[in-house]
Amino acid sequence: MQGVKSLFFPSGKSLLILLGLILLALFFGLSAWTSPLLIPLVISAIASATLGLAIIPSLRWLKTGQVIQEDGPQSHLKKAGTPTMGGVFFVPVAILAALLFSRCDPEVMCVSLVTLSYMSIGLLDDWLILKQQSNKGISPKLKLFLQITVAICFLGYSYYINLENLDKFTQIKFPFDIFLPLGIFFWPLAGFAMTAESNATNLTDGVDGLAGGTGAIAFLGLAFLVYPTHPNLAIFCTCFSGACLGFVVHNRHRAAVFMGDTGSLALGGSLAAVAIISNQLWGLFIISGIFFVESLSVIAQVIYYKATKGPDGKGKRLFKMAPLHHHLELSGWQETQVVGVFYLINMLLVIFSKIISNY
């Protein structure tokens with residue numbers, strides 16, 4: 001009976017083991033054990049988990065306790081005071097490991113700068129939230145402006161280094177050797193992808209171990225897609241996957257630390273940057289299915305509420321609460337059940353993306 005209970009009502013430790021098994025299973029099924037990607041992943045995971053032991057007490061000392069929304073799930077109120085800004089230790093670990101194992105490859109350096117830029121935006125937002133002791137950090141308009149600015153700088157650099165190969169760079173690759181040439185329309189699409197992906201991973205970061213675990217799976221899946229053409233970017237992705245795994249050691253239920261916008265914005269920005277450089281936007285869309293649905297639930301909630309608004313100024317809600325993981329919680333799912341199911345779905349999305357990439 002205990003085994004059945006742990007299967008349907010997993011603990012945080014069980015989910016950490018599940019995440020590790022998923023990453024190993026993906027390696028075993030989609031790659032080779034001799035792959036040069038395995039060692040960076042393992043070392044990044046160990047380094048991230050170890051560094052967390054030193055950084056988390058410092059975050060507590062700095063009084064970086066999370067401010068919890070009062071209108072959110074009531075079960076989350078007890079998380080108030082848990083240190084946030086955990087991105088300050090696992091994101092640098094991923095970047096430093098990637099630079100080390102790629103020997104400072106120019107593409108890795110470029111993506112690392114994008115990642116640090118999005119991390120800085122999140123760090124500013126987290127700091128203002130803590131300073132004001134409210135859920136309002138930098139304004140949404142300013143955050144969007146900063147995200148777009150980083151995207152423009154990155155895309156400007158991408159345009160410059162691909163001047164002699166723009167026709168190939170600005171086409172979207174689909175399965176079965178189908179290519180969609182976008183020309184100048186590629187650039188606004190790429191900019192949208194960077195902004196949307198960073199916001200999507202940010203929205204997914206609302207349950208212990210969710211963003212970190214799905215991020216680890218997504219990065220590993222993207223690594224498999226880009227490895228044949230961009231092996232150093234694949235190393236970057238596996239380093240990030242490992243760093244996310246190490247972070248989940250501390251972020252699993254009940255979390256000792258949250259990644260905050262410092263980590264979640266960096267996750268999405270780096271995923272999108274790698275996909276743009278490697279021409280894997282379609283693959284990223286599949287791998288990011290969880291992030292996409294989470295974002296879509298928020299958009300649908302807002303649109304439906306406004307469309308059904310009556311004379312009293314109140315509208316109806318499509319979900320009990322958005323994003324989707326909060327709706328599931330309010331529908332009776334335990335937090336760990338949501339995380340476990342999302343891990344498994346993300347694993348299937350990675351497998352599917354790898355299968356169709358072979359056609």
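Student: Which residues of α13 are buried?

Tutor: This is a predicted model, and burial is judged by relative accessible area, with under 20% counted as buried. In α13 the buried residues are Gly-289, Ile-290, Phe-291, Glu-294, Ser-295, Ser-297 and Gln-301. These residues pack against α8 (186-204), α9 (210-226), α11, α12, α14 (324-330) and α15 (335-357).

Student: Which residues form a nonpolar patch on the surface?

Tutor: The patch consists of Trp-282, Phe-285, Phe-292, Val-293, Leu-296, Ile-299 and Ile-303, and together they have about 640 Å² of accessible area. Two elements, α12 (281-287) and α13 (289-307), each give two or more residues to the patch. The most comes from α13, with five residues.

Student: Why does Phe-292 count as partly exposed?

Tutor: The class in question lies between the buried cut-off of 20% and the exposed cut-off of 50%. Phe-292, which lies in helix α13, has 39% relative accessibility and therefore counts as partly exposed.

Student: Where are nonpolar side chains usually expected?

Tutor: In soluble globular proteins, nonpolar side chains tend to be buried together. In this model the largest nonpolar core has 96 residues, and those with the most contacts inside it are Phe-90, Phe-154, Phe-186, Phe-240 and Ile-276.

Student: What does Phe-240 touch, leaving aside residues up to four places away in sequence?

Tutor: A contact requires heavy atoms within 4.5 Å. On that basis Phe-240 touches Phe-90, Val-91, Ala-94, Thr-115, Phe-219, Leu-267 and Ser-270.

Student: Which residues of α4 are buried, Phe-90 among them?

Tutor: The buried residues of α4 are Gly-87, Phe-89, Phe-90, Val-91, Val-93, Ala-94, Ile-95, Ala-97, Ala-98 and Leu-99. Their cover includes α3 (38-61), α5 (106-132), α10 (231-251) and α11 (260-277). After α4 comes Arg-103, whose phi is positive, near 60 degrees.

Student: Is α10 mostly covered or mostly uncovered?

Tutor: Helix α10 is mostly covered, since 18 of its 21 residues are buried. From its first C-alpha to its last, α10 reaches 30 Å, close to the 30 Å expected at 1.5 Å a residue.

Student: How many salt bridges does a search of the whole structure find?

Tutor: A salt bridge is assigned when a side-chain nitrogen of Lys or Arg lies within 4 Å of a carboxyl oxygen of Asp or Glu. The search finds two. In one, Lys-143 pairs with Asp-125, the closest N and O atoms being 3.1 Å apart. Lys-143 lies in helix α6 (residues 140-161) and Asp-125 in helix α5, so this pair ties together parts that are 18 residues apart in sequence.

Student: What is the salt bridge between Asp-261 and Lys-143 like, and where do its partners lie?

Tutor: The side chains of Asp-261 and Lys-143 meet at 3.1 Å, N to O. This pair links distant parts of the chain, with Asp-261 in helix α11 and Lys-143 in helix α6, 118 residues apart. Both of these residues are buried. Through shared partners, the salt bridges join Asp-125, Lys-143 and Asp-261 into one network.

Methods:
Residues numbered from 1 in each chain as written. Predicted model: local features only at pLDDT ≥ 70, side-chain atom pairs only at ≥ 80, totals over all residues. Heavy atoms only, no water. Patch = residues over 30% accessible without salt bridge, like charges linked within 9 Å, V, L, I, M, F, W, Y side chains within 5 Å. Areas by Shrake-Rupley, 256 points an atom, 1.4 Å probe, with all protein chains shown as cover. Helix = DSSP H or I, 4+ residues; strand = E, 2+ residues; numbered from the N terminus. Buried < 20%, exposed > 50% of the residue type's maximum accessible area, 1.4 Å probe, protein only. Core = buried A, V, L, I, M, F, W, Y, C linked by side-chain atoms within 4.5 Å. Expected span 1.5 Å × (residues − 1).
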